[in-house]
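Biologist: Could you walk me through this model, one question at a time? I'd like each answer to finish on the value or name I ask for.

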Amino acid sequence: MPALPLIIDTDTGSDDAVALLLAAASGLGDIRAVTTVAGNVPVAIGTRNALISLEIAGRSDIPVHPGCERPMIRTLSSAQHVHGEDGMGDTGLPDPAKAPEPGHAIDALLSYPRDHPGELTLVTLAPLTNIAAALLRDPALFTRYRHVYCMAGAADTRGNISPTAEFNVWADPEAARIVAQAATPDKVTWIGWDVSRKDAVMTPADQQRLQQIGTPMARFAHRINRTVADWVRDVTGLAGYDLPDPIAMAVALNPGLITEQEEAHVDIAVGDEARGQMLIDRRVVAPAPNMTLVRRVDEAGFKKLLFDTVAAPVPVPASAPTIPATP
Ligand code: BDR
Ligand code: CA
């Protein structure tokens with residue numbers, strides 16, 4: 001199967017970084033460009049982290065375009081209390097060798113699919129600010145992509161940043177609403193935190209396996225998730241840290257991993273009390289569905305893809321940061 005041509009929009013924190021490894025080093029993805037946005041961390045830090053992650057995967061040739069510095073109308077509320085001040089578990093990673101591109105993320109999101117109509121798959125792993133801004137300039141943008149996969153929302157309304165909302169949608173709910181209103185179920189698929197919580201939890205045994213693999217990518221993936229592991233234990237009560245962006249990326253790379261999905265009409269709450277909550281209308285009289293919601297994924301298949309990818313002996317350039325072997 002030919003590798004899937006991808007554009008990836010990310011607020012690169014520790015789980016985005018693992019998703020980038022999957023896209024860059026599994027053999028299933030062909031990343032044409034990465035765009036970054038404020039979210040987990042300020043956009044300059046997320047851009048740095050994206051460049052580091054691609055370098056670890058041996059792909060520092062991939063262009064990284066910095067994007068919006070804040071949500072559409074709100075101030076930025078980062079997730080540095082989850083992913084660390086540096087977004088990468090406060091691991092003190094050295095600077096990447098490569099610099100970001102001069103072109104803005106919004107221009108990249110608009111121009112790549114214009115140059116390659118119907119060819120590219122867009123995967124979003126972050127607040128939807130860049131995507132909404134691009135849609136305001138080109139309302140038909142989604143028709144120009146082959147498909148759009150978003151790690152966004154919580155289709156069971158069990159939130160991770162509030163009682164009912166998932167971080168990427170909560171961080172910029174107005175942007176998420178613009179995306180939902182432009183979506184159609186044949187083009188747009190959301191993979192929410194409900195899927196991550198059920199099918200992408202790295203149990204202590206999984207974490208030990210990742211650590212024992214011992215390759216540069218495996219050590220990197222293990223180390224950068226250490227602050228997330230503490231937060232997930234204390235706040236969500238899951239039996240290990242979960243990997244929302246990697247499971248969304250795995251679905252985009254291999255939709256055969258989906259075991260349950262539905263089409264539904266989705267809107268986003270923008271009021272204060274329910275900020276960022278998905279409003280899913282499943283009534284008989286509901287408007288026509290506007291997106292596909294993935295509800296369950298083959299957990300074993302996802303973890304096999306993850307372990308196989310990070311175990312691969314990717315040729316790491318001499319300039320790549322060294323990840324110490326100690327935990
Ligand atoms: C999402 O929020 C971020 O913290 C993660 O990187 C992921 O994109 C999960 O809710
Ligand atoms: Ca993310």
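**Questions about the fold and its sites**

Biologist: Which residues of α11 are buried?

Modeller: Buried means under 20% relative accessible area, exposed over 50%, and partly exposed in between, with a 1.4 Å probe and protein chains only. Seven of the nine residues of helix α11 (residues 216–224) pass that test, so this helix is largely enclosed by the rest of the structure. The buried ones are M217, A218, F220, A221, H222, R223 and I224.

Biologist: Before we go on, what kind of model is this, and how are residues numbered?

Modeller: Residues are numbered from 1 along each chain as its sequence is written, while chains are lettered from A and ligands numbered from 1 in the order in which they are written. Side-chain values use heavy atoms, leaving out hydrogens and water, and this is a predicted model, where local features need pLDDT of at least 70, side-chain atom pairs count only at pLDDT 80 or more, and totals for chains, interfaces and linings use all residues.

Biologist: What do the buried residues of α11 pack against?

Modeller: Contact here means heavy atoms within 4.5 Å. Helices (H or I, at least four residues) and strands (E, at least two) are DSSP runs, numbered from the N terminus. The packing partners of the buried α11 residues are α1, α2 (43–56), α10 (204–213), α12 (226–236), β8 (241–242) and α14 (299–311).

Biologist: How many helices and strands are in the chain, and what is its radius of gyration?

Modeller: The chain has 14 helices and 11 strands, and its C-alpha atoms fill a box of roughly 55 × 45 × 40 Å along the principal axes. The radius of gyration is taken over C-alpha atoms, and the globule rule is 2.2 Å times the number of residues to the power 0.38. With 327 residues, a compact globule would come near 20 Å, which agrees with the chain's value of 18 Å.

Biologist: What share of contacts joins residues at least 24 apart in sequence?

Modeller: Of the 327 residues, 60% count as buried. Among contacts between residues at least 6 apart in sequence, the share joining residues at least 24 apart is 84%.

Biologist: Which protein donors does the calcium ion (ligand 2) have?

Modeller: Donors are N, O and S atoms within 2.8 Å of the metal (3.2 Å for Na, K and Ca), and water is not among the atoms, so sites may look incomplete. Along the chain, the donors follow the spacing D-x4-D-x108-L-x119-D. Lying 2.2 to 2.5 Å from the ion, they are D11 (OD), D16 (OD), D16 (OD), L125 (O) and D245 (OD).

Biologist: How many residues apart in sequence are the parts that D16 and D245 tie together?

Modeller: Both D16 and D245 are buried. D16 lies in helix α1 (residues 14–25) and D245 in helix α13 (residues 244–253), so the pair ties together parts whose separation in sequence, in residues, is 229.

Biologist: Which residues does A252 touch, beyond those up to four places away in sequence?

Modeller: A252 is also found in helix α13, and it is buried, with a relative accessible area of 3%. T121 is 131 residues away along the chain, yet its C-alpha atom and that of A252 are separated by 8.0 Å. The residues that A252 touches are L4, V123 and Y149.

Biologist: Is T189 buried or exposed, and what is it in contact with?

Modeller: T189 has its place in strand β6, and a relative accessible area of 5% makes it buried. Its C-alpha atom is 23 Å from that of A25, 164 residues away in sequence. Leaving aside neighbours within four places, the contacts of T189 are H147, V148, Y149, C150, T292 and V294.

Biologist: What is the relative accessibility of D90, where phi is positive?

Modeller: Phi of D90 is near 50°, a positive value in a residue other than glycine. D90 sits in the loop between α3 (80–83) and α4 (105–115). It counts as partly exposed, at a relative accessibility of 39%.

Biologist: And which ring does the charged end of R275 sit over?

Modeller: A charge sits over a ring if NZ of Lys or CZ of Arg is within 6 Å of the ring centre and within 35 degrees of the ring normal. The charged end of R275 is 3.8 Å from the centre of its ring, which belongs to W170.
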